[in-house]
Amino acid sequence: MDRADRALLEALQADSSRSIAELALLVHLSPSACHRRIKALEEQGLILGYAARVDARRLGLSVEVFVEITLTSQSREAMDRFERAVRDFDDILECHLMSGAADYLLRVAAADLDHYDRVHRDCLARLPGVSSMKTSFSLRRIKRFEGYSVPA
């Protein structure tokens, strides 16, 4: 990966709605070279897709929740069952297998505490093999993820 590829990755992470012509100007390439490089980055798996960043609050989701999950067993079967179940619930935004005290960390968004209570009862409490849950509520986001720093 050279300077132009790094610049393209950074530019696309900042705003993927730019046209090829705009990107080409920004990274000092011709439009056709820019397009070829983007296609190559996609084929290499560096670019996984494109999406819009949405303001959760404007969707009415003002409560962000992090849930630490500990399973009753860490067997492959127990973990596979849990991970399959997590994928079935749209209210679970992210799930990470963790090292440390908890086995998994989930991120959930809710409109309010009543909504989170419903998510807890109808979704989280139905996850298989859960021994314990520890819930933390985000009071305020300090820094939002805006993309990865592309190493030189």
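## Stop one: the strands

Select His96 to begin: across from this residue stands Leu105 in β3. Strand names like that one come from DSSP runs (E, at least two residues), and helices from runs of H or I with at least four residues, all numbered from the N terminus. Before going on, note that this is a predicted model, where local features need pLDDT of at least 70 and side-chain atom pairs count only at pLDDT 80 or more, while totals for chains, interfaces and linings use all residues. Residues are numbered from 1 along each chain as its sequence is written, and side-chain values use heavy atoms, with hydrogens and water left out.

Now colour β2 and β3. They pair in the antiparallel sense over five bridges; two strands count as paired if DSSP finds at least two bridges between them. Together β2 and β3 make a hairpin with six residues between them. Click on Gly100 in the turn, which has a positive phi of about 105°.

How many of the seven residues of β3 are buried? Five of them are, so β3 is mostly covered, where buried means under 20% relative accessible area, exposed means over 50%, and partly exposed is in between (1.4 Å probe, protein chains only).

## Stop two: a loop residue

Jump to His28, in the loop between α2 (20-27) and α3. Its phi is near 60°, a positive value in a residue other than glycine. Is His28 buried or exposed? At 63% relative accessibility, His28 is exposed.

## Stop three: salt bridges

Show side chains next. A salt bridge here is a side-chain nitrogen of Lys or Arg within 4 Å of a carboxyl oxygen of Asp or Glu. By this rule there are nine salt bridges.

- Select Asp2 and Arg37: their closest N and O atoms are 2.8 Å apart. This pair links distant parts of the chain, with Asp2 in the segment before α1 (3-14) and Arg37 in helix α3 (residues 31-43), 35 residues apart. Both count as partly exposed, Asp2 at 33% and Arg37 at 24%.
- Stay in helix α3 for Lys39 and Glu42, which sit three residues apart, about one turn of the helix. The closest N and O atoms of this salt bridge are 3.2 Å apart. Lys39 is partly exposed at 36%, and Glu42 is partly exposed at 23%.
- Go on to Arg53 and Glu146, a salt bridge with its closest N and O atoms 3.1 Å apart. Here 93 residues separate the partners: Arg53 is in the loop between α3 and β1 (63-71), and Glu146 is in the segment after β4 (130-137). Glu146 is partly exposed, at 42%.

## Stop four: the largest pocket

Rolling a probe the size of a water molecule over the atoms shows where empty space is left. The largest pocket holds about 1,600 Å³ of space. A pocket is an open set of points on a 1 Å grid over the protein atoms alone, where a 1.4 Å probe fits, with protein on both sides within 12 Å along at least five of seven lines; lining residues have an atom within 4 Å of a point. Points are joined across faces, edges and corners, and the volume is the space filled by probe spheres set on them.

Colour α1, β1, β2 (92-97) and β3 (104-110): these are the elements that give two or more residues to the lining.

## Last stop: aromatic pairs

The whole structure has three aromatic pairs, meaning rings of Phe, Tyr and Trp (its six-membered ring) with centres within 6.5 Å; planes under 30 degrees apart are stacked, over 60 edge-to-face and the rest tilted.

Select Tyr116 and Phe137: their ring centres are 5.5 Å apart and their planes lie at 80°, so the pair is edge-to-face. Tyr116 is in helix α5 (residues 113-122) and Phe137 is in strand β4, 21 residues apart. Tyr116 is buried at 6%, whereas Phe137 is partly exposed at 38%.

Finish on Phe145 and Tyr148, an edge-to-face pair with 5.0 Å centre to centre and 70° between the planes. Tyr148 is exposed, at 63% relative accessibility.
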